[in-house]
Amino acid sequence: IFWIFRDNEIVPMEIKFQSKGIKAAGGLHWLFLLENGDVYSMGFGLFGQLGRNSLQKDHDKPYIIPLNFKASNIFAGVHLSCILDPDGNMYMFGRIQDEKTRKYIAQRSPKIIWNIQSNNVFISESDDIVLIPKKLEDL
């Protein structure tokens with residue numbers, strides 16, 4: 001059972017959906033990683049965190065995020081989503097900081113940010129990203 005935002009209130013909704021067991025929950029959005037590497041999203045997408053090239057507010061059914069690669073892991077922050085590919089590249093979408101202006105923008109579709117070579121990613125409530133390297137000597 002998921003809690004979704006609909007008509008200005010949060011309501012329960014049961015969704016039967018087979019995923020790899022990897023689910024990421026953001027503020028009011030969710031990501032699901034399937035065994036074949038496809039990623040689905042649902043929930044509140046006002047900042048583009050659903051990765052569907054849209055700022056549509058509500059999506060109460062899971063839909064596939066169009067990717068040109070197969071995902072290996074997923075992470076979600078309050079208004080931010082991240083997908084890792086098998087080569088360690090991190091793709092981000094949602095509320096991110098513009099590299100030049102340092103202002104926050106709504107990134108509507110997955111954009112490659114950097115190669116992290118780590119599966120240990122944590123996203124804080126303020127959408128700060130913490131990466132833990134594969135080996136402690138890499139610190």
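Let's start with contacts, meaning heavy atoms within 4.5 Å: of those in the protein with a separation of 6 or more, 41% are between residues 24 or more positions apart. Keep in mind that this is a predicted model, in which local features need pLDDT of at least 70 and side-chain atom pairs count only at pLDDT 80 or more, while totals for chains, interfaces and linings use all residues. Residues are numbered from 1 along each chain as its sequence is written, and side-chain values use heavy atoms, with hydrogens and water left out.

Now for the overall layout. The protein has zero helices and twelve strands, where helices (H or I, at least four residues) and strands (E, at least two) are DSSP runs numbered from the N terminus. Of its 139 residues, 42% are buried; buried means under 20% relative accessible area, exposed over 50%, and partly exposed in between, with a 1.4 Å probe and protein chains only. The accessible surface comes to about 8,200 Å², and carbon and sulfur atoms hold 51% of that. Such areas come from the Shrake-Rupley method with a 1.4 Å probe, and for residues only the protein chains shown count as cover.

Two strands pair if DSSP finds at least two bridges between them.

Four bridges join β7 to strand β8 (residues 80–84), and A76 stands opposite S81 in β8. From β8, five bridges lead on to β9, with C82 partnered by M92 in β9. These two strands form a hairpin with four residues between them, and G88 in the turn has a positive phi of about 90°. Eight bridges then join β9 to β10, where M90 has W114 as its bridge partner. β9 and β10 also form a hairpin, this time with six residues between them, and R102 in the turn has a positive phi of about 65°. β9 itself is mostly covered, with seven of its nine residues buried.

The structure holds one aromatic pair. Its members, F69 and Y91, are stacked, at 4.3 Å centre to centre and 20° between the planes. Rings of Phe, Tyr and Trp (its six-membered ring) pair if their centres lie within 6.5 Å; planes under 30 degrees apart count as stacked, over 60 as edge-to-face and the rest as tilted. The pair links distant parts of the chain, since F69 sits in the loop between β6 (58–64) and β7 (73–76) and Y91 in strand β9 (residues 89–97), 22 residues apart. F69 is buried at a relative accessible area of 15%, and Y91 is buried at 13%.

Elsewhere, R95 lies over the face of Y104, at 3.9 Å from the ring centre; a charge sits over a ring if NZ of Lys or CZ of Arg is within 6 Å of the ring centre and within 35 degrees of the ring normal. Finally, turn to E35, in the loop between β4 (29–33) and β5 (39–44). E35 counts as exposed, at 69% relative accessibility.
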